[in-house]
Amino acid sequence: MATAIKLQGDVPLDRIDVTDATLWQQEAFAPLFARLRAEDPVHFCPESPFGPYWSVTRYRDIVEVESLPDIYSSSWEYGGITVLGDGPTLVEGEDPMPMFIAMDRPQHTAQRRTVAPAFTPSEMERLSGSIRARTSALLDELPRDAAFDWVDRVSIELTTGMLAMLFDFPWEDRRKLTTWSDWMGDIEAARDPVLGPKRMEAIWEAGGYFMKLWQERQAAAPAPDLISMMIHSDATKDMTPQEYLGNLILLIVGGNDTTRNTMSGLAMTATDYRDEWLKVAADRSLIPTAAQELIRWQTPLAHMRRTTKVDTVLGGKAIPARSKIVMWYMSGNRDEELFPDGERFIADRPNARRHLAFGYGIHRCVGARLAELQLGILIEELLDRQLLPTVVEAPTRVASSFVHGYRRMMVELRPI
Ligand code: HEM
């Protein structure tokens, strides 16, 4: 009932709760965010399935929160980076698994430095050949005259394979990465009495598997995969098993759901905004901008959360210490001040790269270049074949206010 009222859009301001999973499953949140940006851009929601929280919905306020990490903490000790947690002891069954996205300085700086070398321009150059070869082979195998699930055949296959390469993960087991990642990013399951323990089981299964890989790599010579890099770096070689596992989870979820759902967004935009993609087909120099616009349009992580360490003021509102602050990238990326007609995909949008989908400041996505590379190659290879996907039935969406994405999407490949 509460949801029905919200979907009508006439709910009183103080009852707006944008964490409601149904809103996300039905892609029905846009009018609520538009209203919050206009009427109450820093908005307190006193009651939600995740407890009381503040919504930050305007671009410039999100940038302010991200720019002040000493006030707005990412630390798991306060509850971490999704709307879910209240602190490690308060989420039942949820063992703390510190990862550097959920750490403050100075630990964050040291651990981020360890994985950053895997994402330098020269590493991207090194990886681009194999990414292109895999993308090309995959596109050649897709049906030309029948509908198929783009999420499974393209988005999952390409991103999971990419991660397997980064970790030098056993190829035949690569779909385990998908399963684990889905469980880990599922903040709805985490609260469910039946699914919650299953989720933890999956996380520990991943832990056991990676621990085995860790031991094998420890005994081997240094190699350019991420596990070996962590083993041989001063900042991470003495990590506790929980920290090690936490950082791997971070890389799996960070690199998986996000790029995957942006690839699925490509099929959505190729269906609803085909003329925009035809512009790109006619002028290939637009590909980097179109890829950024795609990431802005999809915004595959709808939010990140912070916790105030001290009393503060944001957008004129007094916010007490220990408040949950949810930065809605999904809303910042539609902020009319920066992105006029923001609900539309506009392939040559001049400022597309100013989007917030990768975050901002010290935690800005470390894998952004890799995501851009993968997306750029997928677009190029599709256009080389003069093909674009067309969605042929309504997709099934993820019911979550964290991962903004799709579970299933039937498409046909059609000539441009
Ligand atoms: C379109 C694809 C992607 C999107 C939209 C995305 C989004 C994000 C966001 C929103 C953050 C948090 C930023 C903040 O708190 O300010 C983040 C951090 C991170 N991402 Fe990504 N990501 C993507 C791809 C990837 C890939 C491919 C990887 C690695 C394989 C990755 C690894 C990470 C890591 C390790 C962090 C933590 C950085 C830190 O705390 O310093 N991401 N990402």
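Buried means under 20% relative accessible area, exposed means over 50%, and partly exposed is whatever falls in between (1.4 Å probe, protein chains only). Before you start, note that this is a predicted model, where local features need pLDDT of at least 70, side-chain atom pairs count only at pLDDT 80 or more, and totals for chains, interfaces and linings use all residues. Residues are numbered from 1 along each chain as its sequence is written, and side-chain values use heavy atoms, with hydrogens and water left out.

**Exercise 1. Is Leu383 buried or exposed, and which residues is Leu383 in contact with?**

Step 1: find the place. Leu383 sits in helix H16; helices (H or I, at least four residues) and strands (E, at least two) are DSSP runs, numbered from the N terminus.

Step 2: check the area. Leu383 has a relative accessible area of 2%, so it counts as buried.

Step 3: list the partners. Contact means heavy atoms within 4.5 Å. Skipping neighbours within four places in sequence, Leu383 is in contact with Val280, Ala281, Arg284, Ile287, Leu388 and Ile416.

Step 4: compare sequence and space. Ala282 is 101 residues from Leu383 in sequence, and their C-alpha atoms are 9.6 Å apart.

**Exercise 2. Which protein residue is the donor of the iron atom of the ligand?**

Step 1: know what counts. Donors are N, O and S atoms within 2.8 Å of the metal (3.2 Å for Na, K and Ca); water is not among the atoms, so sites may look incomplete.

Step 2: pick the atom. The only protein donor is SG of Cys365, at 2.3 Å.

Step 3: Look for Cys365 in the loop between helix H15 (329-332) and helix H16 (368-384).

**Exercise 3. At what angle do the axes of H8 and H12 cross, and which residues make the contact?**

Step 1: get the geometry. Axes are lines fitted to C-alpha atoms, for helices over the stretch in contact, and angles run from 0 to 180 degrees between N-to-C directions. The axes of H8 (residues 175-184) and H12 (residues 241-272) come within 9 Å and cross at roughly 95 degrees.

Step 2: name the arrangement. Under 35 degrees is roughly parallel, over 145 roughly antiparallel, 65 to 115 roughly perpendicular, and the rest oblique. H8 is therefore roughly perpendicular to H12.

Step 3: name the residues. H8 brings Leu177, Thr178, Trp180, Ser181, Asp182 and Met184, while H12 brings Ile249, Ile252, Val253, Asn256, Asp257 and Arg260.

Step 4: sort them. Ala, Val, Leu, Ile, Met, Phe, Trp, Tyr, Cys and Pro count as nonpolar, Asp, Glu, Lys and Arg as charged, and the others, Gly among them, as polar.

Step 5: zoom in on one of them. Val253, in helix H12, is buried with a relative accessible area of 12%. Leaving out neighbours within four places in sequence, Val253 is in contact with Ser181, Met184, Gly185 and Thr258.

**Exercise 4. How do H7 and H8 pack?**

Step 1: the numbers. Helix H7 (residues 150-167) and H8 pack at an angle of about 100 degrees, with axes 9 Å apart.

Step 2: the label. H7 and H8 are therefore roughly perpendicular to each other.

Step 3: the residues. From H7 come Asp152, Ile156, Glu157, Thr160, Leu163 and Ala164, which meet Arg175, Leu177 and Thr178 in H8. They divide into 4 nonpolar, 2 polar and 3 charged.
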